[in-house]
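Subject: Structure handover

Hello,

Here is the structure I said I would pass on. My notes on it follow below.

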Amino acid sequence: MKKICLSLAVLSMLFSCQEDEKANQSEARITKRNCVSYEVLERQLQENPELAIKMNQIESFTENAIANGRLVNGKIVIPVVVNVLYKTAAENISLAQIQSQIDVLNADFNAQNADYNQVPTLFSGVKANVGISFELDQVIRKSTTKTSWGTRDAMKKAKQGGIDPTSPSTKLNLWVCTIGGGILGYAQFPGGSAATDGVVIDSRYFGVYSNSSPSYPYNLGRTATHEVGHWMNLRHIWGDTTCGNDFVADTPLHNTANYGVPTYPHYSTCSGTPVEMTMNYMDYTDDRGMYMFTAGQKARMDAIFLSGGPRFSFAQP
């Protein structure tokens with residue numbers, strides 16, 4: 001069983017570096033999923049050393065909440081503000097496209113996705129209905145001259161041409177724009193600044209597109225499911241290092257990220273050579289290859305909404 005704990009030293013070791021210059025590049029089609037949530041967090045830790053202390057406290061709170069079996073009282077419904085930054089007509093995605101993404105989040109976080117029944121028997125005992133819902137609260141649109149936004153949160157700041165977050169302590173802000181550099185999206189983990197809290201998704205991968213679209217194989221809205229998982233304090237399933245720790249007890253050890261749609265069973269070379277849970281939303285597989293959270297991940301997400309948790313304000317009526 002994985003130990004769910006985090007020291008300040010381990011926290012700083014979890015994250016790998018990535019040059020910001022990559023975010024200024026543009027690609028016609030992305031062939032490998034690329035989420036830079038950890039790289040963004042590493043930069044935030046460097047800029048604000050006190051963030052490491054705060055996140056360590058959140059980890060301790062999460063560990064204690066799970067150990068004591070504390071549960072969220074009642075159903076959580078999260079209002080979502082979608083901030084659309086566009087230069088082209090394609091970037092100015094339609095309301096129907098936006099609603100398709102909200103629908104995917106609701107299906108995936110409530111075990112109502114059509115592929116949920118594909119979870120292998122080996123993992124059927126740990127697959128989970130997270131039980132968190134999302135409702136579209138507001139869409140804010142802004143025309144821009146920028147061709148790409150990078151990963152330094154400029155899209156979240158009006159003074160830099162972006163859109164400031166709306167009520168970030170009670171509403172999930174999603175920014176939809178062209179990120180660049182082959183990056184599908186990134187999220188801010190609990191504990192970061194309210195001024196930049198939320199999730200960024202490239203407009204080509206926001207919501208559901210056809211299999212013939214340039215968005216394929218990331219055309220089913222699962223980029224947002226993955227990133228909202230980070231926003232709710234989930235780590236990548238491989239722990240961002242070889243056979244690393246994602247602080248969830250019921251996910252198997254993974255060598256590293258998986259891509260495409262691996263043939264089941266896909267065995268790890270980590271201790272015990274477990275079958276990897278490649279269909280977990282927190283891996284890097286194609287959208288059609290990911291379709292489950294676990295009970296341990298659900299418990300970890302639930303903990304942030306408890307009294308004293310970093311997103312407790314979202315659980316209030």
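By class, the lining of the largest cavity holds 2 nonpolar, 4 polar and 2 charged residues. In this scheme Ala, Val, Leu, Ile, Met, Phe, Trp, Tyr, Cys and Pro count as nonpolar, Asp, Glu, Lys and Arg as charged, and the others, Gly among them, as polar. The residues in question are Arg33, Asn34, Cys35, Leu184, Gly185, Thr223, His226 and Glu227. Helix α5 supplies the largest share of this lining, 3 residues. The space inside is about 30 Å³, and a search of the whole structure finds 1 cavity of 30 Å³ or more.

On the terms: the search runs on a 1 Å grid over the protein atoms alone; a cavity is a set of points where a 1.4 Å probe fits but cannot get out, a pocket is an open set with protein on both sides within 12 Å along at least five of seven lines, and lining residues have an atom within 4 Å of a point. Grid points are joined across faces, edges and corners, and a volume is the space filled by probe spheres set on the points. Helices (H or I, at least four residues) and strands (E, at least two) are DSSP runs, numbered from the N terminus.

Please note that this is a predicted model, in which local features need pLDDT of at least 70 and side-chain atom pairs count only at pLDDT 80 or more, while totals for chains, interfaces and linings use all residues. Residues are numbered from 1 along each chain as its sequence is written, and side-chain values use heavy atoms, with hydrogens and water left out.

The mean pLDDT (the predictor's confidence in each residue, from 0 to 100) is 91 for the protein, and 91% of its residues reach 70 or more. Residues 3-27 have a pLDDT below 50, yet in the model this stretch has 61 contacts (heavy atoms within 4.5 Å) beyond near neighbours in sequence. Where pLDDT is low, the predicted coordinates should not be read in detail.

The largest pocket contains about 250 Å³ of space. It is lined by 19 residues, of which Lys54, Gly191, Gly192, Pro310 and Arg311 are the closest to its centre. The lining of this pocket divides into 8 nonpolar, 8 polar and 3 charged residues.

Next, the cysteines. With a disulfide taken as a pair of cysteine sulfur atoms within 2.5 Å, the count comes to 1. The partners are cysteine 243 and cysteine 270, with their sulfur atoms 2.0 Å apart. The link between cysteine 243 and cysteine 270 is left-handed, at -90 degrees about the S-S bond. Both cysteine 243 and cysteine 270 lie in the loop between α5 (222-231) and β7 (293-294), so the pair ties together parts that are 27 residues apart in sequence.

For accessibility, buried means under 20% relative accessible area, exposed over 50%, and partly exposed in between (1.4 Å probe, protein chains only). Cysteine 243 is partly exposed at 28%, whereas cysteine 270 is buried at 4%.

Helix α2 (residues 37-47) is mostly covered, with 9 of its 11 residues buried. Among them are Ser37, Tyr38, Glu39 and Val40.

Last, the backbone. Most residues other than glycine have a negative phi, and most peptide bonds are trans. The bond from tyrosine 216 to proline 217 is cis, with omega near 10 degrees; proline 217 sits in the loop between β6 (199-202) and α5. Tyrosine 264 and proline 265 are also joined by a cis peptide bond, with omega about -5 degrees, and proline 265 is found in the loop between α5 and β7.

Asparagine 233, though not a glycine, has a positive phi of about 85 degrees. Asparagine 233 is placed in the loop between α5 and β7 and is buried, with a relative accessible area of 1%. Cysteine 243, of the disulfide above, is not a glycine either and has a positive phi of about 55 degrees.

Regards
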